Amino acid sequence: MLLLLALGIGTLAGCGTWLLLRERSFDTVLGLTLLSYAVNLFIFAMGRVKPQAVPIVEPDGTPSLATLADPLPQALVLTAIVISFAMTAVLLVIALRTQAHTGSDHVDGEEPRP
Amino acid sequence: MIATTAWLGGHALVMPIVLPLVAGALLVLLEKARSRAVVPVSILATSALLILAARLMEQAASGEVAVYLLGNWRAPFGITLALDRLSALMLVLTALVAGGALWFSMGGAARQGLHFHSLFQFQLMGLCGAFLTADLFNLFVFFELLLAASYGLLLHGGTRARHRAALHYVVFNLAGSALFLIAVSLLYGVAGTLNMADLAQKLPLLPPAQARLAQAAVLMLLVVFAVKAALLPLYFWLPDTYAAASAPVAALFAIMTKVGVYAIARTSTLLLGPEGGPLAGVAAPMLPVLALATLVLAATGALAARHLRVLVAYAVVASAGTLLLAIGLGTRDALAAGLFYLVNSTLVAALWFLLADRIATARGGTDRLEAGAFSSGWAPLGVVFFAAAVAVAGVPPLAGFMGKALLLQAAGHTPWAGWVVALVLGSSLAMMMALARAGSTLFWKPGAPATAMKLAASGTGAQSASMLALLAAVLATAIFAGPLAAYTEAAATQLMQRQTYIGAVLNAQPVPAAYDVRREMRERGDAK
């Protein structure tokens, strides 16, 4: 389970970084999206992964870290998801407007001269 | 030392965040309706923020660290706002620069598109929040807020250059945000808290294996702050962005690099000080070296600049380098000198962006450093140019010189003395040469007469007035250098005594509830 999660985060972060460094703005946006997925999973993992534990205290149970999942990283992830989602939307609009203005989807706004 | 502010019903500390939020939200509606109340509301909100910031500074000057518990939750559990001398100083600076930029924008820049004023207020909200918060994740949220607003402001009245610069700026900052989140969650993973005061207490007690992770996390945080502050390998976004933005926006952005500087000052005194255990001094050798290299590159960039605004942007990078050098030296005196320099350099950078725009307008819309004539009134612009050049290059008698002199004096007791003296003075000389060359090319070389861009008469009036106001503020930092230096020295002392901050934040007591709903429900028999 942990290995799978770690591999998932690593793959997402690696692909995200590679795409981020490419020269087309669409690839860059995709790269940032993958990177933010990796980050979200990482925050989640930092709260320690506990399968079948919920962050809610049951009415009859006593609250203890052995039976409960840490709710704080889940709240942090939620915030991070909302922010990265909104920022991706903003970035897409900027990328589209830049392409409309410059007629090129190169990140520098013009095709590189050969 | 623990006190909550009594005025404004005890909520004074959260007001610098709430006020721009409410004003911004109101302005969204007003601007949509194209109401006449837009400009008055915007001016009112910004001046109220200035008064509020001044009152908070007066309160912080007494030396107490005021703490506000959001939602009345005790410190490590809820989000805490804390106001010490440094935070108060940054708030006042923000309000001053915002006032100048807003006044200048009355001259036309605000009318280039919709929602300038609401974005402006949201940006102020993010800035004030970042200066007040004592929680790392909350700092991330306020960073995102001010960045989101800055994306909008940068694109305002979009030209081709602005779109191109904005794409780079946004991508770079989003990548920075990803790194910020990794660092923050790593710190949470090892320490189980994100309150900065609580972190300062818990990080020194970590077992060695986890201390390594904490070191990595703190260094990643410093990288993120260095992106904002434009430290050497990470400053490439700045000249393009600042040169492309409209004048009032660039002036407001002058305070944005200082957010990074502030965050580095806060984390390095709180987490990396001598009491930091395994974290003590992890960034110590790197920060001065990078800061000095930043100074050299900024001076080179200024000498090579072919546009006035690019030259000014490199001056901003140079001032960030000087500030980070002051923080990196790690002594109280150097920090005090840095804070003193920060006040002057922020105000003068804002003034420069406004001035560059006026010069460009008077020369037919271009700020290329080449021979050409002014269509109108070059003499007053020349006088302001001279005064601003003296202030930014650090030549006597203005406060830029005093800040650098204090820094050199403070560096004398550190192992970096030789390098600091040589490179700070060398970069000042290079900056002075760049400015002298720019000034003589712009004002003295005759060229073909330029056609002036048309400006409303009232517009130029507001622009000149705002520039004179900022110039007066720059001169005031020189005239009242004594009290200001005393304040910044006290602020540096307070930063070095981290126990004051930690104690104030962690011991803040929640306000007793006026109504206990649970008890009432129990008594009525509603609750189980």
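## Ground rules

Residues count from 1 along each chain as its sequence is written, while chains are lettered from A and ligands numbered from 1 in the order in which they are written. Because the model is predicted, local features need pLDDT of at least 70 and side-chain atom pairs count only at pLDDT 80 or more, whereas totals for chains, interfaces and linings use all residues.

## Two domains in chain B

Chain B splits into domain 1 (1-282 + 498-511) and domain 2 (284-479), with bounds that come from an automatic or database domain assignment. Taken over C-alpha atoms, the centres of these two domains of chain B sit 24 Å apart.

Where they meet, 33 residues of domain 1 of chain B are in contact with 39 residues of domain 2 of chain B; contact here says that the C-beta atoms, placed from the backbone, lie within 7 Å. On the domain 1 side, the elements giving two or more residues are α3 (85-105), α9 (237-244), α10 (247-253) and α11 (256-270) of chain B. Helices are DSSP runs of H or I with at least four residues, strands are runs of E with at least two, and both are numbered from the N terminus. The most comes from α3(B), with nine residues. By class, that side of domain 1 of chain B has 26 nonpolar, six polar and one charged residues. For the classes, Ala, Val, Leu, Ile, Met, Phe, Trp, Tyr, Cys and Pro are nonpolar, Asp, Glu, Lys and Arg are charged, and the others, Gly among them, are polar.

## A core that spans both domains

The largest nonpolar core has 245 residues, and B:L187 and B:L351 have the most contacts inside it. A core of this kind is a set of buried Ala, Val, Leu, Ile, Met, Phe, Trp, Tyr and Cys residues joined through C-beta atoms within 7 Å. Buried is 20 or more other C-beta atoms within 10 Å of a residue's own, exposed is 12 or fewer, and partly exposed is in between, with C-beta atoms placed from the backbone.

Helix α14 (residues 332-362) of chain B supplies the largest share of this core, 21 residues. Domain 1 and domain 2 of chain B each put in at least three residues. Leaving aside neighbours within four places in sequence, B:L351 is in contact with B:A388, B:M467, B:L470, B:L471 and B:V474.

Chain A has three helices and zero strands, running α-α-α from the N terminus on. Its radius of gyration, taken over C-alpha atoms, is 19 Å, well over the 13 Å from the globule rule for 114 residues, so chain A is more spread out than a compact globule. That rule is 2.2 Å times the number of residues to the power 0.38. Along its principal axes, the C-alpha trace of chain A spans about 70 × 25 × 15 Å, and 28% of its 114 residues count as buried.

The contact between the chains takes 23 residues from chain B and 27 residues from chain A. On the chain B side, α5 (136-155) and α6 (160-191) are the elements that give two or more residues, and α6(B) gives the most, with 16 residues. That side of chain B has 16 nonpolar, four polar and three charged residues.

## Around α16 of chain B

Ten of the 13 residues of α16(B) are buried, so this helix is largely enclosed by the rest of the structure; among them are B:F401, B:M402, B:L406 and B:L407. Helix α16(B) reaches 18 Å from its first C-alpha to its last, close to the 18 Å expected at 1.5 Å a residue, where the expected span is 1.5 Å times one less than the number of residues.

In the loop between α16 and α17 (417-443) of chain B sits B:T414, which is partly exposed with 16 other C-beta atoms within 10 Å. B:T414 and B:G330 are 84 residues apart in sequence but 9.1 Å apart in space, C-alpha to C-alpha.

Most residues other than glycine have a negative phi.

Notes
Contact = placed C-beta atoms within 7 Å.
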